[in-house]
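Biologist: I'd like to learn how to read a structure like this one. Can you walk me through it, feature by feature?

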Amino acid sequence: NATTASTLGDSSCSIAWGTKLADLSDVATAAALLRGNDAPALTERERALQAWASSVVSDPNSTTREDVAAMRAAGLTDAEIFDATALVAFRLAFSTVNDALGTPPDQKLAQAAPAPVLASVTFGRTVEE
């Protein structure tokens with residue numbers, strides 16, 4: 001979700017999912033992913049999912065059989081690949097609605113975000129004061 005939101009440039013969802021990711025992993029990993037950088041703490045499976053999400057958001061028509069094979073090689077089943085793709089699509093749709101309607105990041109959510117996560121979200125709408 002963090003990769004999908006940040007690749008699209010949705011600041012609101014990036015702050016929300018970046019904060020959740022920081023809680024589940026660590027702040028440095030979350031901040032790196034939001035910036036589109038490598039995150040050494042990711043497993044092979046997580047790297048495959050991150051690359052897939054980024055590809056689906058950026059240009060779904062550019063995905064290849066080799067991309068799917070890489071996900072299988074990382075241990076994902078066909079059902080998990082489908083589920084991940086559907087989740088990216090739903091997140092993309094939700095983020096598109098937020099962005100089109102001009103939804104800014106929630107001030108309380110932004111205040112609760114770790115500083116490196118918030119600093120990594122340099123795109124999209126800004127937090128309203």
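Modeller: Let's start with packing, and keep in mind that this is a predicted model. The buried residues of α6 pack against α1, α2, α4 and α5 (65-73).

Biologist: Which residues of α6 are buried?

Modeller: Buried means under 20% relative accessible area. In α6 that goes for I81, A84, V88, R91, S95 and N98.

Biologist: And how do I read the reach of α6?

Modeller: You set the span against what's expected at 1.5 Å a residue. With 23 residues, α6 reaches 33 Å from its first C-alpha to its last, close to the expected 33 Å. After α6 comes G102, with a positive phi near 75 degrees.

Biologist: Next, cores. Which residues make up the largest nonpolar core?

Modeller: A nonpolar core is a set of buried residues joined through side-chain atoms. Here the largest has eleven: A48, W52, A53, V56, V57, V68, M71, A74, L76, I81 and V88. At least two residues come from each of α4, α5 and α6, and α4 gives the most, five.

Biologist: What does W52 touch?

Modeller: Leaving out residues up to four places away in sequence, W52 touches T63, D67, V68, M71, I81 and T85.

Biologist: Last one: what lines the largest pocket?

Modeller: That pocket has a volume of about 540 Å³ and 20 lining residues, with N1, A2, T3, L21 and L49 nearest its centre. By class, the lining has twelve nonpolar, six polar and two charged residues. The largest share of the lining, five residues, comes from α4.

Technical notes. Residues numbered from 1 in each chain as written. Predicted model: local features only at pLDDT ≥ 70, side-chain atom pairs only at ≥ 80, totals over all residues. Heavy atoms only, no water. 1 Å grid on protein atoms, 1.4 Å probe; cavity = no way out; pocket = protein on both sides within 12 Å on 5 of 7 lines; lining within 4 Å. Points joined across faces, edges and corners; volume = space filled by probe spheres on them. Helix = DSSP H or I, 4+ residues; strand = E, 2+ residues; numbered from the N terminus. Nonpolar A, V, L, I, M, F, W, Y, C, P; charged D, E, K, R; others polar. Expected span 1.5 Å × (residues − 1). Buried < 20%, exposed > 50% of the residue type's maximum accessible area, 1.4 Å probe, protein only. Contact = heavy atoms within 4.5 Å. Core = buried A, V, L, I, M, F, W, Y, C linked by side-chain atoms within 4.5 Å.
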